[in-house]
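Q: Could you walk me through this model, starting with charged pairs and then moving on to the overall fold?

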Amino acid sequence: MRNDPTGRALQLLSLLQTHRFWRSAELSARLEVTERTVRRDVDRLRDLGYPVDSTSGKYGGYRLATGAHVPPLVLDDDEAVAVAVGLRYAAEAAIDGIEETSLRALTKIETLLPHRLRRRVSALHSSVISMRRVDDNDIVDPEALSVLAAACRDHEHVRFDYRRGDGESSRRLVEPHQLVTAGRRWYLLAWDQHRGDWRTFRLDRLWEPQLAGSHFTPREIPGGDAAGFVASSLGSSPRHLDAKLVIEATFSELDWCAPMD
């Protein structure tokens, strides 16, 4: 590895892609080369289009910066398998349009995998089957998902129209705190400004979310666990259920048991 510039550069890139700050001495020890050689390898990566930031001095080092384009990635075996498996199941997510995009990316990844890794991925795909929902009305708009995710990150108020389970619609102004997934469904945990309380919103029932242009101070989620709060909220929600009962009795016995108004 020490005398193989290409292999050494790939190992250096793999370390930098963790996006942590690496001191020059640390990289030198990992690669078993001098710090001068590390500098040359960093320059080689820059020539290939990788934006590597550096600081000088006794504690100087390197960090991979965010660039204007996506450079080639270097993945180890386990990472490559994880990406391939993740893309396969992303293709079954309830997000409008993501199926085709995920399958295109998966095709590119699997084409590049060596035979031994393709066998691992194929074994996982052939041994696991997902239960598909009969009702696909819970498809989420990816643009709405992006708006809400950004609002949660930036602590920005959001307005949207929301249709409740009973069909009633209303305009909401909320403080979005966390997105939660449960199977194929997505939920938003937010503080409802008009209700003055926490609310759980199904993303497939809201439309046209818009940033309100104002920010809020995050509140403490009850119990400190967004997923737990949403699970509790769903468990307490009334559900309409249809049932058929078979009662072995005569008509006169049923008439005698009928309640009086």
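Q: Which residue does Asp 41 form a salt bridge with, and how far apart are the closest N and O atoms?
A: Asp 41 forms a salt bridge with Arg 44, and the closest N and O atoms are 2.6 Å apart; a salt bridge here is a side-chain nitrogen of Lys or Arg within 4 Å of a carboxyl oxygen of Asp or Glu. Please keep in mind that this is a predicted model, in which local features need pLDDT of at least 70 and side-chain atom pairs count only at pLDDT 80 or more, while totals for chains, interfaces and linings use all residues. Residues are numbered from 1 along each chain as its sequence is written, and side-chain values use heavy atoms, with hydrogens and water left out.

Q: And where do Asp 41 and Arg 44 sit in helix H3?
A: They are 3 residues apart in helix H3, which means about one helical turn separates them; helices (H or I, at least four residues) and strands (E, at least two) are DSSP runs, numbered from the N terminus.

Q: Buried or exposed, what does Asp 41 count as?
A: Asp 41 counts as buried, at 0% relative accessibility, whereas Arg 44 counts as partly exposed at 33%. The cut-offs are under 20% relative accessible area for buried, over 50% for exposed, and partly exposed in between (1.4 Å probe, protein chains only).

Q: What about Arg 8, which partner does that one have?
A: Arg 8 forms a salt bridge with Asp 41, with the closest N and O atoms 2.5 Å apart. Because Arg 8 lies in helix H1 (residues 5-16) and Asp 41 in helix H3 (residues 35-47), the pair ties together parts that are 33 residues apart in sequence. Arg 8 is buried, as is Asp 41.

Q: How many salt bridges does the structure hold?
A: The structure holds 12 salt bridges, including one between the side chains of Asp 154 and Arg 153, at 2.9 Å from N to O. Arg 153 counts as exposed at 59% relative accessibility, while Asp 154 is partly exposed, with a relative accessible area of 31%. As for shared partners, salt bridges join Arg 8, Asp 41 and Arg 44 into one network.

Q: Back to the helices, at what angle do the axes of H1 and H3 cross?
A: They cross at roughly 80° and come within 10 Å, the axes being lines fitted to C-alpha atoms, for helices over the stretch in contact, with angles running from 0 to 180 degrees between N-to-C directions. H1 and H3 are therefore roughly perpendicular to each other, a label that covers 65 to 115 degrees, with under 35 counting as roughly parallel, over 145 as roughly antiparallel and the rest as oblique.

Q: Changing topic, in what order do the 3 strands of the open sheet run?
A: The order is S1-S3-S2, and the pairing is antiparallel; two strands pair if DSSP finds at least two bridges between them. Strand S1 (22-23) and strand S2 (52-55) stand at the edges, each with a single partner strand, so one side of each has no neighbour in the sheet. S2 pairs with strand S3 (residues 61-64) over 4 bridges in the antiparallel sense, and Arg 63 in S3 is the bridge partner of Asp 53.

Q: Which phi value does Glu 32 have?
A: Glu 32 has a positive phi of about 60° although it is not a glycine, and its place is in the loop between helix H2 (24-31) and H3. Glu 32 counts as exposed, at 52% relative accessibility.
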